Amino acid sequence: MKKQQTKIQAPPATLTLPPMLHARWLQYRVLMGDSNQTLRAQLLADDLPVPSDAVMDAIRGSFKVPRGFDPTSRTHAPSRTFIMSTDCWPLFEWADRREKALRLLRAPRARELVEAGALLAVPHAAVISTLETNLKIKDVRPETLDLYAGSLFDVGAVSRAQLKVIVQRHVRLAIDRVVGGPDDASAARRALAADPRMVAVSLPSSPIAWASVLLSMGFAPSKFELARVLDTLESIAATRTAQALLRGGRDD
């Protein structure tokens, strides 16, 4: 008698999540109980890229929530333990910072500045100073910017090449809101190229890059920032001079 061969079924393919800057925000909203439809509407309202239903379902399925899970409870121990084990726990833990970060997200000029600062790793003090001086936003603290960068615009979650594409996608979502037709297409392309975040993502982190971002927003750099630019230019000039002196030697 021939031995009956048992067919081994291949394990189901796992969905690879696409690179995203707002993955923790998606996780938070999923754990708060948002349906795909509700989440999609909220992301569109905030000009954030909307993943497919399959991706949102995969995020939802990746969590093994405890019985009786209540994301808003401060006393249900299993819920608290589970939340603190997730990457998005700061959004649950610090409601005040979360709400201030969302206010920045929903203020277009402030959002441009904060995200450009994150792309260039600008010190929080410089970003906060510009928010206060030029946009009259005075209640932003470094902790709020940390939460924003970690949950809504996590540039460290993707590669540099991916970052340029993703940032362009974020910027285009906001621009497409006001594009009325083919007549606006050329203006939209110019607006995309001139957006402070596109300026920031195309330059290395330096005082010169931050000054370029401020100028692209119509803000004059402060004296301190201009002094840092001059220091950088002096360093570049010294390096170029040293390179020139080394040229033309015996082993050149």
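1. The count here comes to 16 salt bridges, where a salt bridge means a side-chain nitrogen of Lys or Arg within 4 Å of a carboxyl oxygen of Asp or Glu. The idea behind them is simple: side chains of opposite charge can pair when their charged atoms come close.

2. Before you go on, keep in mind that this is a predicted model, in which local features need pLDDT of at least 70, side-chain atom pairs count only at pLDDT 80 or more, and totals for chains, interfaces and linings use all residues. Residues are numbered from 1 along each chain as its sequence is written, and side-chain values use heavy atoms, leaving out hydrogens and water.

3. Have a look at Asp34 and Arg29, whose side chains form a salt bridge with N to O at 2.7 Å. Are these two buried or exposed? Both Asp34 and Arg29 are buried (buried is under 20% relative accessible area, exposed is over 50%, partly exposed is in between, using a 1.4 Å probe and protein chains only).

4. Next, Arg60 pairs with Asp57 in a salt bridge, 3.3 Å from N to O. The two sit three residues apart in helix 3 (residues 53–61), about one turn of the helix; helices are DSSP runs of H or I, at least four residues, numbered from the N terminus. Arg60 is partly exposed, at 30% relative accessible area, and Asp57 is partly exposed too, at 43%.

5. Helix 6 (residues 95–105) holds Asp96 and Lys100, four residues and about one helical turn apart. Their closest N and O atoms are 3.6 Å apart, in a salt bridge.

6. Finally, which residues are linked in a network of salt bridges? They are Arg111, Glu115, Asp195 and Arg197.
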